[in-house]
Amino acid sequence: MEPIRRLMNEHRVIEHAIDVLDKIVSLIEEGKGVDTTDIKSIIDFIQTFADRCHHGKEEGILFPKMVEKGVPREGGPIGVMLEEHETGRDAVRRMLRAVELMEQGRVEAKEDFVRAALDYITLLRNHIDKEDNVLFPIAKNLFSSEEIENMMSEFNRVEKEDIGEGVHEKYEELIHSLLKKYLHREEGHHIH
Ligand SMILES: [Fe+2]
Ligand SMILES: [Fe+2]
């Protein structure tokens, strides 16, 4: 189903960003210097692409439509996903605060950053796994082809109005170049 395929493709890009973040954490733990500009780029990617755009489509479009079809909002996988989005936002705020302190020369903030980043990495990897393997398979059989088409146009509207045209591509490029820089990996992923 097309909307699910779109969200799963976005998961692959988010996983790449998480892999880079993971590598940066290891470098910090090894006592190596890391460019805080790159860390801030990843945080910006997470806040804009992963949270506002991707989680925005889940929370604002897919999940409510699943609830309309009778999937319970509370006490089931949707409730868990919503809670995890919130926990993730909190971890990202902690990361950002720590990086800003690191930039002011506060060495002890490195530890806070590592803790927040590891929390986020573990959370998001599990979260994506649950959506791909539990929640999305439920969604796949709920909708008529007309409802799927409507969902796609709502997805497209969110991407255009909330994020702006070309922004998706800009972030894909960013993650692609960070993958190359930190993990020497060439694979990129195209969403559309
Ligand atoms: Fe999610
Ligand atoms: Fe997701």
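**Exercise 1. Judge whether the radius of gyration of the protein agrees with that of a compact globule of 192 residues.**

Solution. Start from the rule: 2.2 Å times the number of residues to the power 0.38, with the radius taken over C-alpha atoms. For 192 residues a compact globule would have a radius of gyration near 16 Å. The protein has 17 Å, which agrees. The C-alpha trace spans about 55 × 35 × 25 Å along the principal axes.

This is a predicted model: local features need pLDDT of at least 70, side-chain atom pairs count only at pLDDT 80 or more, and totals for chains, interfaces and linings use all residues. Residues are numbered from 1 along each chain as its sequence is written, while chains are lettered from A and ligands numbered from 1 in the order in which they are written.

**Exercise 2. State the secondary structure pattern of the protein.**

Solution. Helices (H or I, at least four residues) and strands (E, at least two) are DSSP runs, numbered from the N terminus. The count is six helices and zero strands. Along the sequence this reads α-α-α-α-α-α.

**Exercise 3. Describe how α1 packs on α2.**

Solution. Two packed helices are described by the angle between their axes and the distance between the axes. Axes are lines fitted to C-alpha atoms, for helices over the stretch in contact, and angles run from 0 to 180 degrees between N-to-C directions.
- Helix α1 (residues 2-29) meets helix α2 (residues 36-68) at about 155°, with the axes 11 Å apart.
- That makes α1 roughly antiparallel to α2 (under 35 degrees is roughly parallel, over 145 roughly antiparallel, 65 to 115 roughly perpendicular, the rest oblique).
- The crossing is left-handed (the near helix is turned anticlockwise from the far one by less than a right angle; clockwise is right-handed).
- By class, this contact of α1 with α2 has 13 nonpolar, one polar and four charged residues (Ala, Val, Leu, Ile, Met, Phe, Trp, Tyr, Cys and Pro count as nonpolar, Asp, Glu, Lys and Arg as charged, the others, Gly among them, as polar).

**Exercise 4. Find the span of α5 and its packing on α2.**

Solution. Helix α5 (residues 145-163) has 19 residues and reaches 26 Å from first C-alpha to last, close to the expected 27 Å (1.5 Å times one less than the number of residues). Just after α5, Gly 164 has a positive phi of about 100°. α2 and α5 pack at about 145°, axes 10 Å apart. Their crossing is right-handed.
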